[in-house]
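Work through the following exercises with the sequence and the model side by side, and try each task before reading its solution.

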Amino acid sequence: MRKIHTDTIEQTLYELCGRACLHLTDACTRAMQSAAREEAEGSAARFALDTLLANAQTAARERMAVCQDTGYAVVLAEVGQQVQIEGKPLAEAVDRAVARAYADFRFRKSVCDPITRVNTADNTPAALHTEIVPGDKIRLTFLPKGFGSENMSRLYMLTPSQGVAGIVDAIVETVRLAGSKPCPPVVCGVGIGGTFDTCAFLAKKALTRELGSRNARADVAAIEREALEKINALGIGAQGFGGKVTALGVLCEVLPTHIAGLPVAVNIQCHCMRCEKAEI
């Protein structure tokens, strides 16, 4: 049994928070650059993409938030079953890391009570998802989730007869209905199967995959490709200015589901793909 103190978890997550909100992922930057090359010189879409890339460079250089919406703190903790966590409760350590980072890096605090709308003042509580996995390590993932894109996400409870065509239609419809609101080009995290709640978690977890990767299952990878092609045929384009690239990627994760159902969750991510990971 390997012992890991929550002070170590807290400090590691603090550092992930700081890095994530200052930088696009490398894969996102490459995808944005590729998208810019797809658009015609002088077009509004090309101008928008070039401006977004310049903004990201400035943010990294000046150590400023790459987007004003530094998001709801989403934390995934994969905890090895041979790990014994010592110290304070895990959720307390996670919230302390988020509170410290958002204060020290001067990130916007965007979390409030859903009824009174009173701000919690430190961007907590974080959305903490834990999974028990083999091994003696803890893998932490920090995903700051802005709500311009989160608000455009959808959950469908399809019938089994709708099949693959229904899954693809649900993904494409979500992006079509969102239009320019989530600051395209977007990334679609898609959960397929499970239950009402696990399907939504799968969609969120899909967003932590590297942009440009493909699901290991050939049939699921085919859904990713088809949905991306159809989304980019919508012509919404960067920031809604029209063009060839409306989405940078579609990332699907799958779980077995009930014989009577076909849940599909689509979690929209804006062009500002921020995600940092570490292993303890």
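**Exercise 1. Determine which residue R176 meets in a salt bridge, and how the two are placed in the chain.**

Solution. Begin with the rule, by which a salt bridge is a side-chain nitrogen of Lys or Arg within 4 Å of a carboxyl oxygen of Asp or Glu. (Helices are DSSP runs of H or I with at least four residues, strands are runs of E with at least two, and both are numbered from the N terminus.) Finally, consider the cover, where buried means under 20% relative accessible area, exposed over 50%, and partly exposed in between, with a 1.4 Å probe and protein chains only. R176 is partly exposed at 46% relative accessibility, and E173, at 29%, is also partly exposed.

This is a predicted model, in which local features need pLDDT of at least 70 and side-chain atom pairs count only at pLDDT 80 or more, while totals for chains, interfaces and linings use all residues. Residues are numbered from 1 along each chain as its sequence is written, and side-chain values use heavy atoms, leaving out hydrogens and water.

**Exercise 2. Find the parts of the chain that are linked by the salt bridge of D69 and R108.**

Solution. The rule gives 22 salt bridges in the model. In one of them the side chains of D69 and R108 meet at 3.4 Å, N to O. This pair links distant parts of the chain, since D69 lies in the loop between α3 (44–62) and β2 (72–80), whereas R108 lies in the loop between α4 (90–104) and β4 (127–133), 39 residues apart. As for cover, D69 is buried, with a relative accessible area of 12%, while R108 is partly exposed at 39%.

**Exercise 3. Which strands does the salt bridge between R139 and E78 link, and how do these strands pair?**

Solution. The side chains of R139 and E78 meet at 3.5 Å, N to O. Two strands pair if DSSP finds at least two bridges between them; β2 and β5 are joined by 8 bridges in the antiparallel sense, and V79 has I138 as its bridge partner in β5. Both strands belong to an open sheet of 4 strands, ordered β4-β2-β5-β10 with mixed pairing. Since β4 and β10 (276–279) stand at the edges with a single partner strand each, one side of each has no neighbour in the sheet.

**Exercise 4. Name the strands of the open sheet that contains β6, then the helix that touches β6.**

Solution. The order is β6-β9-β7-β8, an open sheet of 4 strands with mixed pairing. The edge strands are β6 and β8 (247–257), each pairing on one side only. Strand β7 (residues 186–194) runs parallel to β8, joined by 9 bridges. Helix α7 (residues 196–206) packs on this sheet and touches β6, β7, β8 and β9 (262–269), contact meaning heavy atoms within 4.5 Å.

Notes
Axes are lines fitted to C-alpha atoms, for helices over the stretch in contact, and angles run from 0 to 180 degrees between N-to-C directions.
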